[in-house]
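Colleague: I've got a new model open and I'd like to learn how to read it. Can you walk me through it?

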Amino acid sequence: MTFLVVGESIVDLIGAPGTWRFTAVAGGSPMNVAVALAALGRPVRFAGEAGADFFGDLLRGHLEAYGVGSGELAEAPATSLAFARIGEDGSASYDFRFQWRLRAPIPLEGVSCLHTGSLAALVAPGGEHVRALMRAASEAGITVSYDPNVRPSLLGDHAEAVALVEECVRACDLVKVSAEDLAWLYPGEPGLRVARRWADWRGGRPVVVTRGAEGAAAVAGDALITCPAPRVRVADTVGAGDTFTAAYLSVLAGAEPTPERVAEALRYGCAAAGVACTRAGAVPPAPGEIAELLPSLAATVA
């Protein structure tokens with residue numbers, strides 16, 4: 001199973017609580033997924049953008065340190081930035097300096113699973129290119145994975161953003177979405193009702209909903225699968241959802257999405273995200289660290 005992840009790479013400037021001091025770390029949801037897949041030993045390519053500047057060097061060095069390679073990073077006018085403020089509960093809020101112009105051709109030969117999402121699939125002008133790549137991958141029989149990971153401050157008109165997200169959902173095989181994203185996309189509508197509707201659009205293929213400290217749930221066919229989050233000491237939640245995505249994809253991509261298989265993917269994703277929450281920044285866990293938490297988690301199928 002060879003993964004291709006396409007999307008933004010961003011330098012997160014993470015603020016120290018109560019101060020205006022920031023620490024620069026590599027981030028961006030799609031790049032976090034690519035690095036976490038590599039940390040799990042999965043072959044992965046990453047295509048995105050970075051500037052020819054100090055922050056771009058940080059991103060290229062981060063990819064290379066995990067064996068992903070930076071050869072498919074197109075040059076951008078400047079590297080995108082996200083200022084992150086960490087709350088008392090470890091949650092992060094963001095202020096972005098972001099551009100997305102990706103137009104470089106991205107070969108699909110040898111790819112088993114394409115993952116994308118977040119700003120890369122929605123923000124013009126690069127978003128149109130990414131959505132076309134999703135359609136091309138689907139037509140080629142490649143598994144397509146999508147995570148909306150919405151950033152409302154950068155998405156403009158709400159109705160247009162919802163329409164683009166729904167276009168992406170219809171084009172993919174696997175969807176992971178946070179409960180927070182669903183609440184913004186469909187205010188007042190229960191998240192699992194939306195997940196069921198999205199699954200029905202796609203012939204019952206799985207939709208996974210991450211729920212923070214409550215763990216994760218998935219709709220797959222007629223089944224509802226749930227898994228709690230592990231109990232850990234939280235440093236921050238930066239990159240936890242992306243770590244979940246990489247871990248669940250490592251179990252589910254390319255496999256028959258039976259309820260039992262989806263349950264195992266949720267357990268692995270929740271354990272991986274739990275490890276990620278115990279340290280600052282998007283630092284991916286090793287398989288052994290995930291294995292230590294797995295015995296404490298039991299998924300249920302109803």
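Colleague: Let's begin with charges. How many salt bridges does the structure hold?

Modeller: Keep in mind that this is a predicted model. The structure holds 10 salt bridges. Take K176 and D147, whose closest N and O atoms are 3.1 Å apart. K176 belongs to strand β10 (residues 174–178) and D147 to strand β9, so this pair ties together parts that are 29 residues apart in sequence.

Colleague: Are K176 and D147 buried or exposed?

Modeller: Check the relative accessibility; buried means under 20%. K176 is at 4%, so K176 counts as buried. D147 counts as buried too, because its value is 2%.

Colleague: Which residue forms a salt bridge with R205?

Modeller: That's D173, with the closest N and O atoms 2.6 Å apart. Here distant parts of the chain are linked: R205 sits in the loop between α6 (191–201) and β11, D173 in the loop between α4 (158–170) and β10, 32 residues apart. R205 counts as partly exposed at 31% relative accessibility, while D173 is buried at 18%.

Colleague: And what is the N to O distance in the salt bridge of E289 and R279?

Modeller: It's 2.8 Å for E289 and R279. E289 lies in helix α9 (residues 287–293) and R279 in the loop between α8 (259–276) and α9, so the pair ties together parts 10 residues apart in sequence. There's also a network of salt bridges, linking R131, R135 and E167.

Colleague: What about E49: which side chain of opposite charge is nearest, and how far away is it?

Modeller: R101, at 6.4 Å. A polar atom of the E49 side chain lies 3.2 Å from the backbone nitrogen of R101, and one lies 3.0 Å from the backbone nitrogen of L102.

Colleague: Where is E49, and which residues does E49 touch?

Modeller: E49 is in strand β4 (residues 44–51). Leaving out residues up to four places away in sequence, the residues E49 touches include G7, S9, L73, Q99 and W100.

Colleague: Now the sheet. In what order do the strands come?

Modeller: Here's the general idea: strands of a sheet pair through backbone hydrogen bonds, either parallel or antiparallel. In this case 10 strands form an open sheet with mixed pairing, ordered β5-β4-β1-β8-β9-β10-β11-β12-β13-β14. β5 (73–76) and β14 (300–301) stand at the edges with a single partner strand each, so one side of each has no neighbour in the sheet.

Colleague: Which strands are joined to β8?

Modeller: Strand β1 (residues 3–6) runs parallel to β8, joined by three bridges, and L4 stands opposite L114. Five bridges join β8 to strand β9 (residues 143–147), also parallel, with H115 opposite S145. Between β8 and β9 the chain passes through helix α3 (residues 126–139), making a right-handed β-α-β crossover.

Colleague: How many residues of β8 are buried?

Modeller: Five of its five, across residues 113–117. Both faces of β8 are covered, with C113, H115 and G117 on one side and L114 and T116 on the other.

Colleague: In which sense do β11 and β12 pair?

Modeller: Antiparallel: strand β11 (residues 207–210) and strand β12 (residues 216–220) share four bridges.

Conventions:
Residues are numbered from 1 along each chain as its sequence is written. This is a predicted model: local features need pLDDT of at least 70, side-chain atom pairs count only at pLDDT 80 or more; totals for chains, interfaces and linings use all residues. Side-chain values use heavy atoms; hydrogens and water are left out. Helices (H or I, at least four residues) and strands (E, at least two) are DSSP runs, numbered from the N terminus. Buried means under 20% relative accessible area, exposed over 50%, partly exposed in between (1.4 Å probe, protein chains only). Lys and Arg count as positive and Asp and Glu as negative; His and the chain ends are not counted. A salt bridge is a side-chain nitrogen of Lys or Arg within 4 Å of a carboxyl oxygen of Asp or Glu. A polar contact is a pair of N or O atoms within 3.5 Å; within protein, one must be able to donate a hydrogen and the other to accept it, and residues adjacent in sequence count only if both atoms are side-chain atoms. Contact means heavy atoms within 4.5 Å. Two strands pair if DSSP finds at least two bridges between them. A crossover is right-handed if, with the strands pointing away from the viewer, the path from the first strand over the helix to the second runs clockwise.
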